[in-house]
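Please examine the fold of the protein shown below. The paragraphs that follow begin with its overall architecture and then turn to its sheet and to individual residues.

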Amino acid sequence: MSGPLVGMDPGRSKCGLALSNADRTAVTEALVLPCDAVIPSLERWHRREPIAGLVLGDGTGSRHWQRSLAGRWPMRLMEEAGSTLAARRRYWQLFPAAGLQRLLPEGLRQPPRDWDDVVAQLLLEREIGRPLIRIRSGPGP
């Protein structure tokens, strides 16, 4: 299956989404959204360029999203074990610390915003088997 993939970190109140480009080398858009905005965003992306599939995290809220998205796009369930810590490390790679944050050891740094979009990107990277660069994203650090 070729074309863009979407990584989704499901939740009960908010979800992280990351959209790859068609050749799956970069994330072209990444968002943290309230749950009611997820399907409209996926549909908007799909109208722009057909989504080849979804990589859905198997964590909190996953069952609801499996039912809600069933039949819309091919879906692969991805284990989320360890993704929170890995995504925090990935966050600091994507958005290097500035100011006094730089002085703290990485393990003590807390991202200044929700990073569900980075978890979604990490799920995509696990599926694809390599890191993706970020071309655009939602809120920055």
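The chain has four helices and six strands; here helices (H or I, at least four residues) and strands (E, at least two) are DSSP runs, numbered from the N terminus. Read from the N terminus on, the elements follow the order β-β-β-α-β-α-β-α-α-β. This is a predicted model, in which local features need pLDDT of at least 70 and side-chain atom pairs count only at pLDDT 80 or more, while totals for chains, interfaces and linings use all residues. Residues are numbered from 1 along each chain as its sequence is written, and side-chain values use heavy atoms, with hydrogens and water left out.

The overall dimensions may be considered next. Along its principal axes, the C-alpha trace of the chain spans about 50 × 30 × 25 Å. The radius of gyration is taken over C-alpha atoms, and the globule rule is 2.2 Å times the number of residues to the power 0.38. For 141 residues a compact globule would have a radius of gyration near 14 Å, and the chain has 15 Å, which agrees.

Of the 141 residues, 50% count as buried, where buried means under 20% relative accessible area, exposed over 50%, and partly exposed in between (1.4 Å probe, protein chains only). The chain exposes about 7,300 Å², of which carbon and sulfur atoms supply 54%; accessible areas come from the Shrake-Rupley method with a 1.4 Å probe, and for residues only the protein chains shown count as cover. Contact means heavy atoms within 4.5 Å. Among the contacts in the chain with a separation of 6 or more, 56% are between residues 24 or more positions apart.

How are the strands arranged? Six strands form an open sheet in the order E5-E4-E1-E2-E3-E6, and the pairing is mixed. Its edge strands are E5 (75-78) and E6, each of which pairs on one side only. Two strands pair if DSSP finds at least two bridges between them. In general, strands of a sheet pair through backbone hydrogen bonds, either parallel or antiparallel.

Several of these pairings can be followed in turn. Strand E1 (residues 5-9) is joined to E2 by four bridges, and the two run antiparallel; Val6 stands opposite Leu19 in E2. Strand E2 (residues 14-20) is also antiparallel to E3, with seven bridges between them, and Cys15 stands opposite Leu33 in E3. Strand E3 (residues 26-34) is mostly covered, since seven of its nine residues are buried.

The loop between E2 and E3 contains Arg24. This hairpin has five residues between the strands. Phi of Arg24 is near 60°, a positive value in a residue other than glycine. Is Arg24 buried or exposed? Arg24 is buried, with a relative accessible area of 16%.

Finally, attention may turn to a helix. Ile39 is placed in helix H1 (residues 38-48). Not counting residues up to four places away in sequence, Ile39 touches Trp65, Ser68, Leu69 and Arg72. Ile39 and Phe95 are 56 residues apart in sequence and 27 Å apart in space, C-alpha to C-alpha.
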